[in-house]
Amino acid sequence: MVSLKYETDSPIECISKITGDNLCESISNLKTLIYADIVIIILLIIFRNKISKMGYKKVCLECKISFNRDIDLGSELSYPCPECGKPMTLLSHRFRAPKKNDKKAWETVKFLIENGFPFQHIYKIEDGKLTNEYAEFPNSMKEAEEFIEIYKDQAYKK
Ligand SMILES: [Zn+2]
């Protein structure tokens with residue numbers, strides 16, 4: 001951008017003699033953009049922890065334990081289980097771990113994951129139509145078998 005000093009007769013003059021543009025307007029637009037960027041960056045910093053915590057849960061299907069994921073955005077690829085050392089599975093924050101001794105519930109969890117349902121948002125189907133509501137994840141194997149059949153179109157493909 002050419003300086004105001006040379007494009008106009010005086011510093012309070014806004015219209016460029018060269019291009020005919022309103023230079024003051026361009027400058028104030030630019031300032032607004034910069035302020036907006038600063039606000040967005042501050043908000044991101046404030047909510048960073050919340051966003052990443054909401055993201056995932058680390059789960060070990062063998063040891064039947066689950067943790068919220070630590071705050072280290074994408075810097076790591078595998079999380080060794082503190083009990084068995086095997087890589088933990090990342091599940092959606094929506095996952096609620098069953099009780100440790102509830103073997104059947106954990107089998108159901110494993111079955112759902114293996115079939116492409118790591119507790120992501122699944123849209124409910126009513127009368128053969130997709131709705132805006134989220135479907136509840138099943139707790140028993142029998143329900144899970146029906147679930148993966150009904151929602152197979154929404155499964156994550158391997
Ligand atoms: Zn483990």
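Predicted model: local features only at pLDDT ≥ 70, side-chain atom pairs only at ≥ 80, totals over all residues.
I began with the UniProt record, an unreviewed entry, which puts a "transmembrane region" at residues 32-48. What does the chain look like over residues 32-48? I found 100% helix and 0% strand there.

Next I looked up the strands. Three of them make an open sheet in the order β2-β1-β3, and the pairing is antiparallel. Which strands sit at the edges? They are β2 and β3, with β3 covering residues 89-92, and each of these pairs on one side only. On average, neighbouring strands in this sheet are turned by 35° against each other, ignoring direction. I reminded myself that strands of a sheet pair through backbone hydrogen bonds.

Then I went through β1 and β2 in detail. β1 spans residues 56-60 and β2 spans residues 65-68. How many bridges join them? I noted four, with the two strands running antiparallel. Val59 stands across from Ser66 in β2. Between the two strands of the hairpin there are four residues. In this hairpin I also noted Lys64, which takes a positive phi near 60°.

Technical notes. Residues numbered from 1 in each chain as written. Pairing = 2+ DSSP bridges. UniProt positions renumbered as here; feature names shortened; annotations may be inferred. Axes fitted to C-alpha atoms, helices over the stretch in contact; angles between N-to-C directions.
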